[in-house]
Amino acid sequence: MPFEHVKLEKSGKLCWLTMHNPKALNALNSQVLADLDAALDQVVADVEANETHILAIRGAGDKAFVAGADISELAQLKGLEGRDFARNGQALFDRIENMPIPVIAAVGGYALGGGCELALACHLRVASDLAVFGLPEVTLGVIPGYGGTQRLARQLGMGRALDMILTGRMVKADEALLLGLINRIAPAAELEEAVEKLASSIMQVGPLAARAGLEAVRGGLQSSQAEGLRLEAQLFGLLCGTEDMVEGTAAFLGKRKADFKGC
Ligand code: CAA
């Protein structure tokens, strides 16, 4: 199903989702968010049909990933409307964080405000050497409202997150890598190739183990360590009942490459 502001393209088991609002550097207005929500429904259906194993999110054009919430919409908000605006974006980005498959942000330019928050909701971030990150909301008289205060602090630690959130300063890709905000950096012309390489190395391990690893880390971070350890043991036990586990261990012992079937 085509969406005005979001494009889905498949490359084998990797699905590319492109944010497309070029007049405003892919800024997130209410229609863009609605299209993203509907596109995620499609991705989930493809995951359930075993057609998609990894999702990668990028921005249209070479200037921006996403330049944030649409400031002309933001400017109209009053009081409780602002709370609902934030809750709506948070729920959508929670959907991304809770996707059953790994989600990679491919950041090729500005990832500011809601755009940085969208990248943070993804599980992994690969950026071009021209990417710029920031949470400039304080310069607009507000704070990040699509999860940035929570996810950036969990990703970087309190001090480094507050250094960005309280100043609104922009962080270039090389600093983002040092901070731990991104996983990998690539020359601008090779960004998609770098994402495909990362996706392919995840896909080689087999979808069941990849999904369980994601679920264990995410579930643990959302609960206590004791609960996380219980979840880890439960998932480990489930994997020990799979054909992929029989195949992976037999392949190692037989000195050959494993051929995972995802069952
Ligand atoms: N909302 C609406 N329009 C935006 C936009 C945004 N977030 N970001 C860029 N645009 C528009 C510009 O208004 C401009 O439109 P016109 O051509 O019609 O004038 C067009 O996109 C191109 O942008 P610029 O001319 O500004 O491009 P530039 O290269 O000079 O600057 C930029 C690029 C530094 C990214 C600058 O556009 C910018 O600072 N954008 C706003 C970034 C921002 O503050 N984001 C946070 C938004 S609030 C938020 O996200 C809240 C939340 O937590 C959810």
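Buried means under 20% relative accessible area, exposed over 50%, and partly exposed in between, with a 1.4 Å probe and protein chains only. The model is predicted: local features need pLDDT of at least 70, side-chain atom pairs count only at pLDDT 80 or more, and totals for chains, interfaces and linings use all residues. Residues are numbered from 1 along each chain as its sequence is written, and side-chain values use heavy atoms, with hydrogens and water left out.

**View 1. Salt bridge between Glu9 and Arg58.** The closest N and O atoms of this pair are 3.2 Å apart; a salt bridge is a side-chain nitrogen of Lys or Arg within 4 Å of a carboxyl oxygen of Asp or Glu. Glu9 belongs to strand E1 (residues 6-11) and Arg58 to strand E3 (residues 54-59), 49 residues apart. Helices (H or I, at least four residues) and strands (E, at least two) are DSSP runs, numbered from the N terminus. Glu9 counts as partly exposed because its relative accessibility is 40%, whereas Arg58, at 13%, counts as buried. A network of salt bridges links Glu9, Arg58 and Glu192.

**View 2. Salt bridge between Asp94 and Arg151.** Here the closest N and O atoms are 2.7 Å apart. Asp94 lies in helix H3 (residues 80-97) and Arg151 in helix H5 (residues 148-156), so the pair ties together parts that are 57 residues apart in sequence. Asp94 is partly exposed at 35% relative accessibility; Arg151 is buried at 11%.

**View 3. Surroundings of the ligand.** The ligand is surrounded by 22 residues, the closest being Lys63, Ala69, Gly114, Glu117 and Glu137; a residue counts as near if one of its heavy atoms lies within 4 Å of the molecule or strand. Helix H2 (71-74), strand E6 (110-112) and H4 each supply at least two residues of this shell. A polar side-chain atom of Glu137 lies 2.6 Å from a ligand oxygen atom, and a backbone N or O atom of Gly114 lies 2.8 Å from an oxygen atom of the ligand. A polar backbone atom of Ile71 is 2.9 Å from a ligand nitrogen atom.

**View 4. Setting of His123.** His123 sits in the loop between helix H4 (114-121) and strand E7 (124-128). A polar atom of the His123 side chain lies 2.8 Å from the backbone oxygen of Glu97. Beyond neighbours within four places in sequence, the contacts of His123 (heavy atoms within 4.5 Å) include Ile96, Met99, Leu214 and Arg218.

Terms used:
A polar contact is a pair of N or O atoms within 3.5 Å; within protein, one must be able to donate a hydrogen and the other to accept it, and residues adjacent in sequence count only if both atoms are side-chain atoms.
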